Amino acid sequence: MSVQMRRVASEEPAGPAYSTSAPETKGEAVLTAGVKIEPGTDYGFFTDSTVCIGCKACEAACKQWNQLPMDHLGLTETSYDNTGELEATTWRHVDFIEEFPSHDGGNGGGRNRWLLLSDVCKHCENAGCLEACPTGAIVRTEFGSVLIQQDICNGCKYCVPSCPFGVITVAKEQDGIAHKCTLCYDRLKAGLEPACAKACPTDSIQFGPVIELRERAEDRLRQVRQRGQSDAYLYGVPGGPGATGGVGSLNCFFLLTERPEAYNLPAEPELPSRRVLPATLTTVGAALFAGLATAFSIYRAAHDRRSVEGERR
Amino acid sequence: MPGLGASFGRGAATTAQWDLANSDCVLIMGSDMAECHPVAFRFVTEARRRGATVIHVDPRYTRTSAMSDIHVPIRAGTDIAFLGGMINYVLEHNLWFKDYVVNYTNASHLVRDDFQDAEDLEGVFSGLDRDQRQYKFASWQYKGHPVMPALAEHYVQSSEPFTQHVGRLAACVSPEECDPALQNPRCVFQVLKRHFARYTPQMVSEICGCSQEQFLQVASAMARCSGRDRTSAVCYAVAWTQHTVGTQMIRAASILQLLLGNVGRPGGGVMALRGHATIQGSTDIPTLYNLLPGYLAMPSVRDPHGTLKEYLEAETPPSGWWSNLPKYFVSLLKAWYGDAATRENDFAFHYIPLIDDDYSQEPMMLAIHDGKIKGFMVLGQNPAVGGHNAGLVRRGLAQLDWMVVRDAYETETASFWYASPEVQSGDLDPKKIKTEIFFFPAALVGEKPGSFTNTQRLVQWHDKAVEPPGDARSESWFVFHLGRRLRELYRDSQDPKDRPLLDLTWDYPTTGTYEEPDVEYILREVNGYTWSPDWKDRQLVKSYNELRDDGSTASGCWLYTGIYPAEGRNLARNRTPDPDWNPGTHLGWGFAWPSNRRIMYNRCSADPEGRPWSERKRYVWWDEERKHWVGYDVPDFELTKDPNYQPSADSTGMDALSGTSPFIMMADGKGWLFAAAGLKDGPLPTHYEPLESPVVNKLYPKQQSNPVAGIFPRPDNRYHKVADPDFPYVITTYRLTEHHTGGIMSRWLPWLAELQPEGFIEISPELAAEKGIKNGDWVTVWTARGEVETRALVTNRIAPLRLNGQVVHQVGMPWHFGYQGIARGDIANNLSHISEDPNSRIHEGKAFTCNLRRGRKGEYR
């Protein structure tokens with residue numbers, strides 16, 4: 001807004017007193033994220049690592065809303081990361097990556113960085129877990145998110161190796177079934193934005209319709225690059241890094257400033273189903289080869305035996 | 001906050017967090033803002049999004065540094081050297097904002113001829129009494145007319161009565177007293193220049209341990225982003241206050257901001273980030289021993305405070321806003337003692353005890369230890385973890401007859417008698433501890449209604465969401481019913497000393513089964529009303545301008561008046577943000593004292609003629625047609641005072657301040673580059689080393705540390721020598737995002753405990769290699785006060801510093817942890833010492849020395 005247009009304050013406080021909340025019907029997300037949540041639209045997160053302060057409010061808010069247990073108590077001895085990784089009882093995880101090329105208080109001119117990033121389930125366009133699930137427990141919701149239906153999952157673990165990002169694990173000590181981020185499905189149904197995005201104090205985690213978020217992300221990327229971070233890029237937008245190998249785009253995508261591996265993200269994720277045909281061909285080929293080799297060695301053995309016998313004669 | 005009070009007039013942040021988004025440069029120093037104030041940091045992030053430069057100057061590379069454009073590591077406790085260097089840089093290169101400095105600061109005032117600077121006396125100012133460790137302040141005064149500070153302790157040592165100088169205070173036209181050309185060698189500006197002349201980039205580098213280039217990068221960025229069209233802000237937190245020179249660190253920042261013209265303007269100011277929720281509120285309506293509500297001085301035996309008349313004569317300056325003090329003081333007495341406070345009995349002035357000694361936190365803990373204090377009520381505090389020289393504190397608790405702890409969990413303080421390290425080691429025997437401990441479960445914030453007054457002086461009301469569980473009750477319930485029961489016990493007493501208790505107005509209506517006092521009635525009392533014994537007949541006052549000194553009005557804290565201006569209008573409940581951030585001052589959200597102002601001293605946002613300095617930084621200005629100050633905020637100035645107004649020779653009160661005197665709380669209406677009164681350790685900040693330091697004071701080799709710092713040398717509180725080879729490392733303590741102060745609100749909560757599960761010490765790879773320590777190893781750290789074991793976090797985020805060839809290692813420990821709860825660890829404060837900043841009486845927990853080795857406590861070295 002232009003400065004000239006600013007309203008001059010009267011001596012009395014502006015606006016009516018006692019206005020506390022918007023009408024219930026619009027949903028709280030209208031107030032907190034500027035988004036009216038409606039079925040039929042794909043929603044996701046744009047996580048901007050350049051403004052993440054590593055406060056872990058997302059981790060705590062996620063665990064509180066979803067009533068997930070404390071799963072690990074003790075120093076991991078890895079910077080300020082005492083969570084370690086995404087797992088069945090941890091659906092948000094903040095990475096802490098210390099990069100200090102010039103360790104003399106910055107005098108050497110190298111760029112010292114503490115990279116911070118809140119990682120989460122990507123809610124892939126083509127989700128490996130969903131493809132692999134034999135029971136139909138994993139579904140695509142009306143909000144475009146990927147959801148494990150807790151009452152159907154039988155704990156077969158097929159989804160675990162099928163996720164190219166290593167997001168899903170099974171809660172061995174609790175119920176033995178698979179768990180991951182639900183994009184706060186219950187909150188979306190009630191018109192609330194997901195707990196992590198709401199708690200994020202710097203808007204590093206932004207919630208909204210994926211299409212809108214991508215536009216916002218492109219603007220932000222331009223801005224970040226203009227300010228000198230020429231290595232910044234988007235991970236998980238169509239055609240970009242992270243959206244490879246049949247995974248398609250990621251509903252939860254990221255703005256990063258270091259190669260994906262630094263954040264423990266695959267540079268070129270691939271759907272396991274992509275490997276089915278080559279793997280089948282390889283298997284068939286290998287079987288053919290093995291069969292022929294066996295046949296040949298039997299033939300050779302028989303031939304040799306005959307030769308030996310012939311010589312004996 | 002005497003640093004801000006002595007500079008600007010009010011001891012509080014000059015701005016609001018959201019206004020940081022308007023900054024062109026944000027200097028964060030003495031604060032790990034992103035970690036400790038993550039929500040406020042949102043607006044620093046926003047400023048950076050808009051193109052601002054964010055700078056973090058801090059011993060450690062923290063999550064704040066990660067979010068900054070520039071991080072400069074400095075040795076803990078050398079901030080004045082760094083800021084002094086910036087002041088010198090700005091003066092040397094003529095980068096100060098001339099029109100602002102000449103008109104709005106005391107740069108042109110002449111200082112008394114007998115004033116001698118630290119530069120003249122090898123590190124001390126004139127008036128020092130070395131034996132008493134205190135200054136006589138008379139020589140620091142202005143030439144010709146003494147002024148009072150805008151602080152609670154108004155009484156200054158001067159033989160001249162103030163009344164002789166009425167009217168001359170602000171006008172300052174006589175060439176004997178003032179030089180607007182700033183050339184007279186005795187004028188504040190020239191004194192300032194000489195004082196900081198030796199704070200060169202090289203000196204900064206040799207004291208602080210950063211490179212000259214790094215320092216210059218910061219100084220030039222700040223200067224570049226200040227002026228008519230741009231503004232810079234400084235954010236600090238408790239990492240400035242917790243030093244024996246803490247107040248003067250804040251003073252140094254204030255001087256810098258005045259020179260650059262950044263105070264009272266959008267995107268500028270000094271943002272004092274308070275230590276935790278409503279700590280601003282707890283100084284406004286204080287939990288301090290030497291203040292009464294609204295920054296009124298507690299009467300003292302050391303000052304002429306025998307009667308109300310004497311007190312008011314000593315404390316009321318003739319000019320500036322504080323000339324209203326009698327109205328506020330009498331209204332406070334009326335609020336507390338009602339009909340028992342009459343003109344005939346001095347409005348019961350004698351009911352208020354006179355203080356006779358230092359009863360601040362640190363000396364109180366010593367007095368408990370030495371058996372001078374018998375009973376101790378602990379509400380919302382955990383001194384067994386948060387107290388300094390914490391081993392001494394815990395041994396002291398065993399000397400009490402009784403202790404009351406009200407909290408949500410059984411804290412380290414409540415359980416010291418069976419769980420403390422002193423019990424584990426056999427120092428204390430639970431069977432022999434006589435202390436009777438009463439533990440009361442406390443209601444948490446969602447379980448009681450009330451208010452928060454946070455950093456930006458903003459009062460926000462909250463309602464009760466759920467009933468507290470079991471026997472848990474609110475603090476107001478506890479105090480109210482304790483008062484009721486005590487009054488019942490003394491009901492028939494004829495003893496005059498019991499009158500203060502029996503005459504208290506203790507008539508708040510109650511609600512519910514548990515007779516919870518209705519806190520909105522407490523707010524009504526704080527706001528103030530016309531006095532009547534009956535609530536029904538009390539008329540709420542709308543502004544502190546309505547308060548009187550004749551007993552007709554009552555107000556619990558004049559500063560908050562206006563918060564409840566009419567029945568049913570609790571402005572702290574307001575929740576209307578500005579639509580689309582327009583104009584972005586959000587006057588409809590909560591209530592900010594004074595009078596709902598968001599940026600204080602905002603008269604400074606206009607030039608002397610009342611016009612905005614620039615369109616970009618337009619905020620409050622003079623509307624010539626309406627003859628009225630207008631703008632986006634509530635003007636912090638008399639609304640109809642013309643910018644060209646000049647006081648006459650006999651003007652008093654606010655009339656004695658000219659139309660170009662924006663600091664209305666100051667007796668002369670100016671921002672004080674030079675603090676002529678109000679501070680105990682000098683009118684200008686000076687670099688002193690911390691009490692414990694690995695190096696000799698480079699600037700003043702003959703004056704190592706603050707000559708008037710409060711020290712308590714005793715066998716159980718020994719200090720290390722200068723450059724003590726037994727304690728070669730600098731240690732600093734700090735907090736983490738994941739935990740809250742003494743840990744009660746976080747270490748018991750599994751979701752937070754797992755995020756920072758135990759204590760640790762941050763060590764540089766270089767020091768770790770020297771000591772044979774690997775990441776994750778157990779490390780034992782010790783000082784003359786105590787010993788702790790903790791885990792090593794070896795990290796490049798801490799770098800060894802080179803001071804003129806000497807390598808200085810720094811280590812850091814979070815101080816949250818203790819022996820109770822889920823997330824545990826040895827108590828970092830076992831290592832720190834008890835000492836005091838002479839002004840604020842705050843300890844030096846941010847910079848002291850230690851030694852360390854690999855291995856656990858009992859292990860062979």
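Residues are numbered from 1 along each chain as its sequence is written, and chains are lettered from A in the order in which they are written. Because the model is predicted, local features need pLDDT of at least 70 and side-chain atom pairs count only at pLDDT 80 or more, whereas totals for chains, interfaces and linings use all residues.

**Exercise 1.** Decide whether the radius of gyration of chain B agrees with that of a compact globule.

*Solution.* Begin with the rule, which is 2.2 Å times the number of residues to the power 0.38, the radius being taken over C-alpha atoms. Then consider the extent of the C-alpha trace of chain B, which spans about 80 × 70 × 60 Å along its principal axes.

**Exercise 2.** Describe how helix 16 of chain B packs with helix 18 of chain B.

*Solution.* First take the axes (lines fitted to C-alpha atoms over the stretch in contact, with angles from 0 to 180 degrees between N-to-C directions): those of helix 16 (residues 361-369) and helix 18 (residues 390-397) of chain B come within 8 Å and cross at roughly 45°. Helix 16 of chain B is therefore oblique to helix 18 of chain B, since angles under 35 degrees count as roughly parallel, over 145 as roughly antiparallel, 65 to 115 as roughly perpendicular and the rest as oblique. Finally, name the residues in contact (C-beta atoms, placed from the backbone, within 7 Å): M365(B), I368(B) and H369(B) of helix 16 meet L392(B), V393(B), R395(B) and G396(B) of helix 18.

How values were computed
Helices (H or I, at least four residues) and strands (E, at least two) are DSSP runs, numbered from the N terminus. Two residues are in contact if their C-beta atoms, placed from the backbone, lie within 7 Å.
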